[in-house]
Amino acid sequence: MPFANPTPYDYFPRRLHPQEIGNPFNVINLFFGWENFPAWREHLDEWQEAAIRPSYRMNNEQTLRTFIRYEFIEILIEGIFMICRLDKSYWMPDSELRHCYETHGKTFMPDKDEINSVIGYFNNSHNPEQFQWESYNLIYLDKEERYNPLKVFYQLWETYHLPHVRDALYWWLVVSMDYTCADDSRGDDYLNEFHRHLQRVIEAAHLIYIWNMDKWPRLYP
């Protein structure tokens, strides 16, 4: 089980730059600017397998990639926490954009005819093949959540709190590398549920990312 009785300090962002604290939506831009959406989704599936299968062994390259991605995921989680906590704050430079998400959700999904013009949607952003399009299909979100991806962020914090997520991420990292498996401690069901929540969060964050690429307000520290 996760550690009990977190302190107020445990809710402070630890990995965010002041610029990202001032505008936490910049975390989403950083997250998908470093690696594309299908790669993140595939990584979570591989990481889940490594933690569930006792015989799975990461090589040196996989271990390094997992450590780097673990840090990016923790940064994303802190950014999402800040987005939800500051959602009612109108002093932030992106407040108008943030509230547009709830009223103009249909603009999140670009038309198929215009997909080539969406910056960052595909690696090459030019004449995507059918298999590329399919790799970007949403799996975990329903229709309502696709129209309002912020709802997925709120749901995460209805199930977990920030110290809990940090603890679960670190536990997942350890059991994927220490020659044990998830079932030896918290159990496969615990990991599968946490994995599903992270996949949902990444899908929701990507909807915001592709809609927002050419609409980012100026970022302030």
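Ser55 is exposed, because its relative accessible area is 55% and exposed means over 50%, with buried under 20% and partly exposed in between, for a 1.4 Å probe and protein chains only. Ser55 sits in the loop between α3 and α4. Helices here are DSSP runs of H or I with at least four residues, strands are runs of E with at least two, and both are numbered from the N terminus. Along the chain, Ser55 and Cys181 are 126 residues apart, yet their C-alpha atoms are separated by 8.7 Å.

Glu49 belongs to helix α3 and is partly exposed at 32% relative accessibility.

## Basis of the values

The model is predicted, with local features needing pLDDT of at least 70 and side-chain atom pairs counting only at pLDDT 80 or more, while totals for chains, interfaces and linings use all residues. Residues are numbered from 1 along each chain as its sequence is written, and side-chain values use heavy atoms, leaving out hydrogens and water.

## The chain as a whole

The chain has 10 helices and zero strands. From the N terminus on, its elements run α-α-α-α-α-α-α-α-α-α. Of its 221 residues, 50% count as buried.

A contact means heavy atoms within 4.5 Å. Among contacts between residues at least 6 apart in sequence, 78% join residues at least 24 apart.

His43 is in helix α3, which covers residues 37-52. It is buried, with a relative accessible area of 3%. Leaving aside residues up to four places away in sequence, His43 touches Thr66, Arg69 and Ile73.

His43 also belongs to the lining of the largest cavity, together with Glu46, Trp47, Tyr56, Met58, Gln62, Arg65, Thr66 and Arg69. A cavity is a set of points, on a 1 Å grid over the protein atoms alone, where a 1.4 Å probe fits but cannot get out; lining residues have an atom within 4 Å of a point. The elements that give two or more residues to this lining are α3 and α4. Helix α4 gives the most, with four residues.

The count of cavities of 30 Å³ or more comes to one. The largest cavity holds about 80 Å³ of space, where a volume is the space filled by probe spheres set on the points, and grid points are joined across faces, edges and corners. Its lining divides into three nonpolar, three polar and three charged residues. In this division Ala, Val, Leu, Ile, Met, Phe, Trp, Tyr, Cys and Pro count as nonpolar, Asp, Glu, Lys and Arg as charged, and the others, Gly among them, as polar.

## Aromatic pairs

Rings of Phe, Tyr and Trp (its six-membered ring) pair if their centres lie within 6.5 Å; planes under 30 degrees apart count as stacked, over 60 as edge-to-face and the rest as tilted. The count comes to 14 aromatic pairs. One of them is the stacked pair of Trp34 and Phe72, at 4.4 Å centre to centre and 20 degrees between the planes. Trp34 lies in helix α2 (residues 25-34) and Phe72 in helix α4 (residues 60-85), so this pair ties together parts that are 38 residues apart in sequence. Trp34 is partly exposed at 39% relative accessible area, whereas Phe72 is buried at 16%.

The pair of Phe81 and Trp157 is edge-to-face, because the ring centres are 5.3 Å apart and the planes stand at 80 degrees. Phe81 lies in helix α4 and Trp157 in helix α8 (residues 150-159), so the pair ties together parts 76 residues apart in sequence. Phe81 is buried at 13% relative accessibility, and Trp157 is buried at 18%. One aromatic cluster is formed by Phe31, Phe32, Trp34, Phe37, Trp40, Phe72, Tyr136 and Tyr209.

## Helix α9

Helix α9 (residues 162-175) has 14 residues and, at 1.5 Å a residue, should span 20 Å; its end C-alpha atoms are 20 Å apart, so the two values agree. The expected span of a helix is 1.5 Å times one less than its number of residues.

Helix α9 is mostly covered, with 12 of its 14 residues buried. The buried residues include Leu162, Pro163, His164, Trp171, Trp172 and Val175.

Technical notes
1 Å grid on protein atoms, 1.4 Å probe; cavity = no way out; pocket = protein on both sides within 12 Å on 5 of 7 lines; lining within 4 Å.
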